[in-house]
Amino acid sequence: MAKVKKASESLTIMTNIVLPNETNSLRNLFGGELLAKMDRCASISAARHCERRVVTASVNHVSFNHPIPEGGVVVLESKVSRAFSTSMEVYVDVWLDDPINQKKIHTNEGIYTFVAVDEFNRPIPIPDMIPETEEEKLRHAAAIRRKELSLILSGRMKPLDSVELKKLFQEPEETKDSKKDKK
Ligand SMILES: CC(=O)SCCNC(=O)CCNC(=O)[C@H](O)C(C)(C)COP(=O)(O)OP(=O)(O)OC[C@H]1O[C@@H](n2cnc3c(N)ncnc32)[C@H](O)[C@@H]1OP(=O)(O)O
C-alpha cells in the first residue's frame, strides 16, 4: 500500500469519569477496566490509521504508575507509533485530569499491537506512518525492538533470529577497539 500517513492522523482522545461500579475495594479504578478502555481507544487509533477493521494481536506492555480514584477524570490519548506490513503498534497514554485545579498526572501507559484484517479476518497491508514530533520519533524507533520481543515471547520468533533486539546486547565496535588497545 503506497499511502503514507502522519502519526497525528490516528490521534484518539477519550475522556471518562470513574464510576463506582468500575472501582476495586480501594475505590480506585480497577486495572481490568482501564485495560479495556485503553484497548478501545487504541483500536480506534489503529482503525483511523489503516482505514480498515482491526483486531488486537497483543498487549506488549502496560504500566500502572498511579491509582485513579472514584470520581476521577481519566483522559486516554492514543496514536499509532509505527506501522509495519499488516500490523501496527499503538501507544496509549493515560492521564488523571483535575479540571478544577487544572492539573494533569500521567498515570499509565500501554503499548498494543493491532492487525488490519479483511472480511475473512486475514491480515492485509496497511499504510506506512511518518513520525513528526521528537516523542513520536523515539517511540517509532523503539517499536521494532518491541515487535521482535513480542514475537519472541509469543513463540513466533526465535531469539537468535532477532535483528534489532540483538543489537542492544552487542558491544559497539569502538568499545571493543579501545579494550584491545588497553591490552
Ligand atoms: C482472545 C481474544 O479475544 S483477543 C482480542 C481480539 N483479538 C482477536 O480476536 C485476534 C485473534 N487473532 C487473530 O485473528 C490472528 O492471530 C491475527 C490476525 C492477529 C494474526 O494472524 P496470523 O494469521 O497469525 O497472521 P501473521 O502471522 O501474518 O501476522 C500478522 C501480523 O501480526 C503480527 N503479529 C502477530 N502476532 C503478534 C504478536 N504477538 N506481537 C506482535 N506482532 C504480532 C505479525 O508480526 C504480522 O505483522 P506484519 O505483517 O506487520 O509483519
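Helices (H or I, at least four residues) and strands (E, at least two) are DSSP runs, numbered from the N terminus. Two strands count as paired if DSSP finds at least two bridges between them. S2 and strand S4 (residues 73-83) are joined by 6 bridges and run antiparallel.

I noted what I am looking at. This is a predicted model, in which local features need pLDDT of at least 70 and side-chain atom pairs count only at pLDDT 80 or more, while totals for chains, interfaces and linings use all residues. Residues are numbered from 1 along each chain as its sequence is written, and side-chain values use heavy atoms, with hydrogens and water left out.

Next I looked up the whole sheet. It is open, with 5 strands in the order S2-S4-S5-S6-S3 and antiparallel pairing. Strand S2 (12-17) and strand S3 (53-64) are the edge strands, each pairing on one side only. On average, neighbouring strands of this sheet are turned by 25° against each other, direction ignored. Axes here are lines fitted to C-alpha atoms, for helices over the stretch in contact, and angles run from 0 to 180 degrees between N-to-C directions. I wrote down a general point: strands of a sheet pair through backbone hydrogen bonds, either parallel or antiparallel.

I then followed S6. S3 and S6 run antiparallel and are joined by 10 bridges; Val55 stands opposite Val115 in S6. S5 pairs with S6 over 12 bridges, also in the antiparallel sense, and Val94 is opposite Asn108 in S6. S5 and S6 form a hairpin with 4 residues between them, and Gln102 in the turn has a positive phi of about 55°.

Helix H1 (residues 31-50) lies across S2, S3, S4, strand S5 (87-98) and strand S6 (103-117), at about 55° to S6. Contact means heavy atoms within 4.5 Å.

Last, I looked at the chain as a whole. I counted 4 helices and 7 strands, in the pattern β-β-α-β-β-β-β-β-α-α-α along the sequence. Of the 183 residues in the chain, 39% are buried.

Key
Buried means under 20% relative accessible area, exposed over 50%, partly exposed in between (1.4 Å probe, protein chains only).
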